[in-house]
Amino acid sequence: GMQVTTFHGLGLRILRELHEAVGLGPGFRVADEAERLEVLREQLGCGEREARRLLPELVARKRARAARWPDLDPEPSEVAAPLARYEAALRKLDLVDLDDLLALPVMLLAADASVAARYRDRYRLVAVDEYQDVDELQYRLLRLLTTPDGNVCVIGDPDQAIYGFRGADV
């Protein structure tokens, strides 16, 4: 059968199937913005304003780390420690955030070639619409799910790119 989904929807499906590999229970949830900020406030002992300021920095670091996984440069401690506490607190509550829906599947597939091969066998043909709005992490997930000989078809128009502000790169 055919599966039609978004990148985040596909990531959620992969995490539902491989939840134990990332320390999640089968009923894990995706944290909403209020939950994310509360976790961050509790972990860093800061107010909501500071949490709102820090969250984009931590998210950017999380996404950059996953895009380079497993080839990592040492993270500066001022980012690594808060990010580690934030992620550990989410896992303890059996939560993931929206960025985990891409970052965790990328890290799982990049770390285990046999798991990546299983998903490539399942999704032998891949089509991506609005390709001009794919960001680096989505691109990495796509590359992990497709073979070098090209079982992917993309459709996009660089003149319609609207998500550069979120990291999309035509």
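**View 1. Secondary structure of the protein chain.** Seven helices and four strands make up the secondary structure. Helices (H or I, at least four residues) and strands (E, at least two) are DSSP runs, numbered from the N terminus. Along the sequence the order is α-β-α-α-α-β-α-α-β-α-β. Residues are numbered from 1 along each chain as its sequence is written. In this predicted model, totals for chains, interfaces and linings use all residues, while local features need pLDDT of at least 70.

View 2. Contact means heavy atoms within 4.5 Å. Among contacts with a separation of 6 or more, 69% link residues 24 or more positions apart.

**View 3. The largest pocket.** Its volume is about 740 Å³. A pocket is an open set of points on a 1 Å grid over the protein atoms alone, where a 1.4 Å probe fits, with protein on both sides within 12 Å along at least five of seven lines. Lining residues have an atom within 4 Å of a point. The volume is the space filled by probe spheres set on the points. Of the 21 lining residues, Gln3, Val4, Thr5, Val126 and Ala127 are the closest to the pocket centre.

**View 4. Lining of the largest pocket.** Helix H1 (7–18), strand E3 (126–128) and helix H7 (136–145) each supply at least two residues. H7 gives the most, with four. The lining holds 12 nonpolar, six polar and three charged residues.

Key: Predicted model: local features only at pLDDT ≥ 70, side-chain atom pairs only at ≥ 80, totals over all residues. Heavy atoms only, no water. Nonpolar A, V, L, I, M, F, W, Y, C, P; charged D, E, K, R; others polar.
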